[in-house]
Amino acid sequence: MASCRLDWNESSSSIVTRRAHDSTAWSRRLRKQMHTTDLCEPELNVLIIEDSLPFAKSVIARLSLGLTMPHSIEHVDHVRAAVSYLQRNTVDLVILDMHLPDANEMDAFQAVYGASPDTPIVILSSDDTEALAMEAVRRGAQDYLIKGCDNNHQLMWSIRFAIERKKRLRAEGELQAARLIQESFLPEHAPLIDGFDVHGAMFPAIETAGDYFDFIQPMTAIGSDVCGIAVGDVSGHGVGPAMMMAETCGCLHSFALLESNVAELMRLTNRVLSQNRNEHFVTLILGYLDDASKRFRYASAGHQAWHLSTDGLATVLPATGTVLGVFKEDSWEVAESPPLMPGDLLVIPTDGVSEAMSPLGETFGDERLFEFIHQHRSCPASEIVDQLYETLIDFTGARPQQDDMTVVLVKFEE
């Protein structure tokens, strides 16, 4: 149910002071008619800035009849009072008259917009000047309606459009922030490791996910010339997963300075992630190329990799423990790949690669992935990864990319 409040601020203007008693009684009658109380927390907070009390009452009545979601409505009649209210309260929508006693036209709009630039503003004005309307929309107004020409359906449509558009812009801003967080933690270039050609890349989706790959060099506790290779995926989309990925990255880099056992690195990282109130979890593989044994030594939290031999045979490198960030106490083991022979490859993707879907609903799958890499194994690692992405785009056709695609490829060249 809707809640309608008319709380005039006596300090805002003389007009406000004179109308306080009459408007309070009127709002009580309207509240009684709607069978509502102020006990329910409103979901939609509307501020009406209008110096004509009869017109303000008309708009409030129309909103009360047209809005189906819970809401509250506040009214002020001066820009000064509006700015003060916006600075002290969270408002979901402003309905603004452009001609007010203490500010006029664009001055009124700029004052209100400046006080709360993220709040959608719908203008209800008696001025039908096209230039003014265009200028208001150009500066950030969601809509410009002419008093007397707007009907209730048009007003409701404009309000819903304004709110939804602001929600979308806010969501896009959050996704962009998450994207910047992600990109800031990705390595700028591939590591130089004697005898190996290493390359990694993340190809972002339309929506931000929590993919992660990293080259931790040096892993000081193991050796000054040892480079750690990490690939992970945080569940979900948006800012939360991106922040959890950044936290995972920080943990790995910090603990790698002190701990030589990659399974213990997993345990320490999990201890940090599981103590926070995360709604997400991380799959992660962390390992390094052991120069003495020519093997990839790793620990894996629910994340698979593959060893691809020169004859195209793919051997899975299985997980050695559960995902990170869920259980406070758990253990991981250290495992090794088969011996790396000249021409062998390590393939470490995230699931966005194998789960890429064609317009007919068919997934790319692991078999296509291994076959493609085997056919292009003579190319440098960077070219294989780039051409793989082009192949994935061709495979998905016009279908939007649903998840980030990340691949780290290691070629043994000796």
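This is a predicted model: local features need pLDDT of at least 70, side-chain atom pairs count only at pLDDT 80 or more; totals for chains, interfaces and linings use all residues.
Residues are numbered from 1 along each chain as its sequence is written, and side-chain values use heavy atoms, with hydrogens and water left out. Local features need pLDDT of at least 70 and side-chain atom pairs count only at pLDDT 80 or more, while totals for chains, interfaces and linings use all residues.

Across the whole structure, a search finds 7 aromatic pairs (rings of Phe, Tyr and Trp, the last by its six-membered ring, with centres within 6.5 Å; planes under 30 degrees apart are stacked, over 60 edge-to-face and the rest tilted). One of them joins Trp306 and Phe370 in a tilted arrangement, with 5.3 Å from centre to centre and 55 degrees between the planes. This pair links distant parts of the chain, 64 residues apart: Trp306 belongs to strand E13 (residues 305-308) and Phe370 to helix H10 (residues 365-375). Here, helices (H or I, at least four residues) and strands (E, at least two) are DSSP runs numbered from the N terminus. Trp306 is buried, because its relative accessibility is 11% (buried means under 20% relative accessible area, exposed over 50%, partly exposed in between; 1.4 Å probe, protein chains only). Phe370 is likewise buried, with a relative accessible area of 11%.

Turning to Asp97, this residue lies in the loop between strand E3 (93-96) and strand E4 (99-100), and counts as buried at 3% relative accessibility. Its contacts (heavy atoms within 4.5 Å) include Ile49, Leu124 and Lys147, leaving aside residues up to four places away in sequence. The charged end of Lys147, in turn, sits over the ring of Phe55, 4.5 Å from its centre (NZ of Lys or CZ of Arg within 6 Å of the ring centre and within 35 degrees of the ring normal).
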